[in-house]
Amino acid sequence: MSSINFKQIQAKLSMVEFHVKSIQSDIDGRHFEDWNAEASQIWKDIFREISSMEDSDRTEALELIREQWMEYLKHFASI
């Protein structure tokens, strides 16, 4: 995977992590919809970027995001 794509995906993963922490610390849930919508958009951007990659790079990128994606789904997919 090119180092630029790798760094972009890592930066977006950091943004998702920030949003998830923000969602979790939003005790009264007033900002949940906004934070969740933004996190969902970041994931869409990540998957759009991954889908445009060559097969070998795509596999590597999917491995890179697997843990955070599964964690995100576990907590927010049913909401």
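This is a predicted model: local features need pLDDT of at least 70, side-chain atom pairs count only at pLDDT 80 or more; totals for chains, interfaces and linings use all residues.

Colleague: Fine. How many helices and strands does the protein have?

Modeller: Three helices and zero strands, in the order α-α-α from the N terminus. Helices (H or I, at least four residues) and strands (E, at least two) are DSSP runs, numbered from the N terminus.

Colleague: And what does the C-alpha trace span?

Modeller: About 45 × 20 × 15 Å along its principal axes. The protein has 79 residues, and 28% of them count as buried. Buried means under 20% relative accessible area, exposed over 50%, and partly exposed in between (1.4 Å probe, protein chains only).

Colleague: On to packing. At what angle do α1 and α2 pack?

Modeller: About 160 degrees, with their axes 9 Å apart. Axes here are lines fitted to C-alpha atoms, for helices over the stretch in contact, and angles run from 0 to 180 degrees between N-to-C directions. α1 and α2 are therefore roughly antiparallel. For the wording, angles under 35 degrees count as roughly parallel, over 145 as roughly antiparallel, 65 to 115 as roughly perpendicular and the rest as oblique.

Colleague: Is the α1 and α2 crossing left-handed or right-handed?

Modeller: Left-handed. That term applies if the near helix is turned anticlockwise from the far one by less than a right angle, and right-handed if clockwise. The contact (heavy atoms within 4.5 Å) includes I9, K12 and L13 of α1 and W43, I46 and E49 of α2.

Colleague: What about α1 and α3, how do their axes cross?

Modeller: At roughly 15 degrees, coming within 11 Å. That makes α1 roughly parallel to α3, and α1 passes α3 in a left-handed crossing. Among the residues that meet there are F6, I9 and L13 in α1 and A61, L64 and I65 in α3.

Colleague: Pick out L64 for me. Which residues does L64 touch?

Modeller: F6, I9, Q10 and L13, not counting residues up to four places away in sequence. L64 and L13 are 51 residues apart in sequence and 9.4 Å apart in space, C-alpha to C-alpha. L64 counts as partly exposed, at 26% relative accessibility.

Colleague: That leaves α2 and α3. At what angle do α2 and α3 pack?

Modeller: About 160 degrees, with axes 11 Å apart. That makes α2 roughly antiparallel to α3, and their crossing is left-handed. The residues meeting there include W43, F47 and I50 in α2 and L62, I65 and W69 in α3.

Colleague: Now the middle. How many residues does the largest nonpolar core have?

Modeller: It has 16 residues, and I9, W43, I46, I50 and I65 have the most contacts inside it. α1, α2 and α3 each give two or more residues to this core, with the largest share, six residues, coming from α2. A nonpolar core means a set of buried Ala, Val, Leu, Ile, Met, Phe, Trp, Tyr and Cys residues joined through side-chain atoms within 4.5 Å.

Colleague: Switching to charges: how many salt bridges are there?

Modeller: Seven, where a salt bridge is a side-chain nitrogen of Lys or Arg within 4 Å of a carboxyl oxygen of Asp or Glu.

Colleague: Which residue does E49 pair with?

Modeller: K12, with the closest N and O atoms 3.0 Å apart. E49 is in helix α2 (residues 32-51) and K12 in helix α1 (residues 3-25), 37 residues apart, and the pair links distant parts of the chain. E49 is buried, with a relative accessible area of 13%.

Colleague: And which residue does D55 bridge to?

Modeller: R58, with the closest N and O atoms 2.6 Å apart. D55 and R58 are three residues apart in helix α3 (residues 55-76), so about one helical turn separates them. D55 counts as exposed at 53% relative accessibility, while R58 is partly exposed at 25%.

Colleague: What about D45?

Modeller: D45 forms a salt bridge with R48, the closest N and O atoms being 2.9 Å apart. Both lie in helix α2, three residues apart.

Terms used: Residues are numbered from 1 along each chain as its sequence is written. Side-chain values use heavy atoms; hydrogens and water are left out.
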